[in-house]
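Let's walk through this model together, with the viewer open beside the text.

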Amino acid sequence: MYRGRRLRMTPALRSLVKETRLDVHDLIFPIFVVEGTGIKKEIASLPGMYHYSVDRLNDIVEEMEKLHVMNCLLFGIPAHKDACGSEAYREDGVIQQAIRKIKKLCPEMVVIADVCMCEYTDHGHCGILDAAGNVQNDETLLYLQKIACSYAKAGVDMVAPSDMMDGHVEALRFALDEAGYENLPIMGYSAKYASGYYGPFREAAHSAPGFGDRRSYQMDYANGKEAMREIRADIEEGADIIMVKPAMAYLDVIKEASQCFAKPLAAYQVSGEYAMLKMAVDQGIMQNDIIMESITAIKRAGADMVITYFALDIARRLKEER
Ligand code: PBG
Ligand code: ZN
């Protein structure tokens, strides 16, 4: 008889044969930065997450440092939006200020900036529109280049294009190299699905499309092979880190990507995944341990790092366990 229970009999044995361990160093924490001063305001759609103005960022940066969560992913919410998202590449834009502030508060922090236009355009799409309202791929690339170079100039450690335009990594790599940032890594949102799980984020970032949807640029959730084509393209264009997003409903994609490609692989446990779990725990419908279970499953599937709104909760839990 196969006696699988032998190795489950004591906590020590279970720990010995544990295949996947979480590590604070693998976690990336998203931060939402708004314009203004003195703002630390809880986000209604993401309970436990906050909008910070630049002058209040020290609150969260200190907390992260204390818990050894040393990677953050920045999202900006500008006060003014226009057709070409000009606040995204303004030298004194909200993200540029946030980058300078965080690097000053904590030089060791790995500051990653999301590069996209949807938070900055008045129409809420991730690119430049033509007269008919279609997102113009190649024209958008020119803007993404400006945005990434502007973040680089502000001192960012990595850029993460989430726009899903074709050729985006190649365009950013070219522009960054031209500007002398050949050592700045790019984390491509390589396989990013058109997903309902982004709902709470769009609420938080005021970035929902004003008309239509993102299905002409983000991937159909029915497709798995297409994800491999998208990831391969990002790698060929020079991505240093690849990503699958969302995570929990796409563990098959994470697993295949980890087996097919020898690149650091990130998975993004997105806002809707956070909101579901958080609300179930807060209402006592499920136990807190589902948070650890969810992130462990994402890593078990093959992710090397996880972007998650639970990063600080997990770090706290890992600290207690020690
Ligand atoms: C911007 C962007 C989105 C997310 C990350 N970058 C939203 C979208 O594509 O509509 C989603 C993150 C989340 O849901 O937590 N393009
Ligand atoms: Zn976008």
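Are D26 and K299 buried or exposed? Both D26 and K299 are buried, where buried means under 20% relative accessible area, exposed means over 50%, and partly exposed covers what is in between (1.4 Å probe, protein chains only). Before going on, please keep in mind that this is a predicted model, in which local features need pLDDT of at least 70 and side-chain atom pairs count only at pLDDT 80 or more, while totals for chains, interfaces and linings use all residues. Residues are numbered from 1 along each chain as its sequence is written, chains are lettered from A and ligands numbered from 1 in the order in which they are written, and side-chain values use heavy atoms, with hydrogens and water left out.

Back to our pair. D26 and K299 form a salt bridge, with 2.4 Å between the closest N and O atoms; the term stands for a side-chain nitrogen of Lys or Arg within 4 Å of a carboxyl oxygen of Asp or Glu. D26 sits in the loop between α1 and β1 (27-34) and K299 in helix α10, so the bridge ties together parts that are 273 residues apart in sequence. The element names come from DSSP runs, numbered from the N terminus: helices are H or I with at least four residues, and strands are E with at least two.

K278 and D282 meet at 3.7 Å, N to O, and because they are 4 residues apart in helix α9 (residues 271-282), about one helical turn separates them. K278 is buried, with 18% relative accessibility. In helix α11, E321 and R317 are likewise 4 residues apart, about one turn, and their side chains form a salt bridge of 3.3 Å, N to O. Here E321 is exposed at 53% relative accessibility, whereas R317 is partly exposed at 23%. Salt bridges with shared partners also join E63, D313 and R316 into one network.

Now for the empty space. Rolling a probe the size of a water molecule over the atoms shows where such space is left. The search uses a 1 Å grid over the protein atoms alone: a cavity is a set of points where a 1.4 Å probe fits but cannot get out, a pocket is an open set with protein on both sides within 12 Å along at least five of seven lines, and lining residues have an atom within 4 Å of a point. Grid points are joined across faces, edges and corners, and a volume is the space filled by probe spheres set on the points.

The largest pocket holds about 690 Å³. It is lined by 19 residues, and K18, T20, R21, L22 and T296 are the closest to its centre. Two or more lining residues come from each of α1 (11-16), α10 (289-301) and α11 (311-321), and α10 gives the most, with 6. By class, the lining has 5 nonpolar, 3 polar and 11 charged residues; Ala, Val, Leu, Ile, Met, Phe, Trp, Tyr, Cys and Pro count as nonpolar, Asp, Glu, Lys and Arg as charged, and the others, Gly among them, as polar.

The second largest pocket has a volume of about 260 Å³. Its lining has 15 residues, with R215, S216, Y217, Q218 and M219 nearest the centre. M219 belongs to the loop between α6 (199-205) and α7 (225-237) and is buried, at 3% relative accessible area.

P246 lies in the loop between β10 (242-245) and α8 (251-260). Elsewhere, M164 has a positive phi of about 65 degrees although it is not a glycine, and this residue is buried, with a relative accessible area of 5%.
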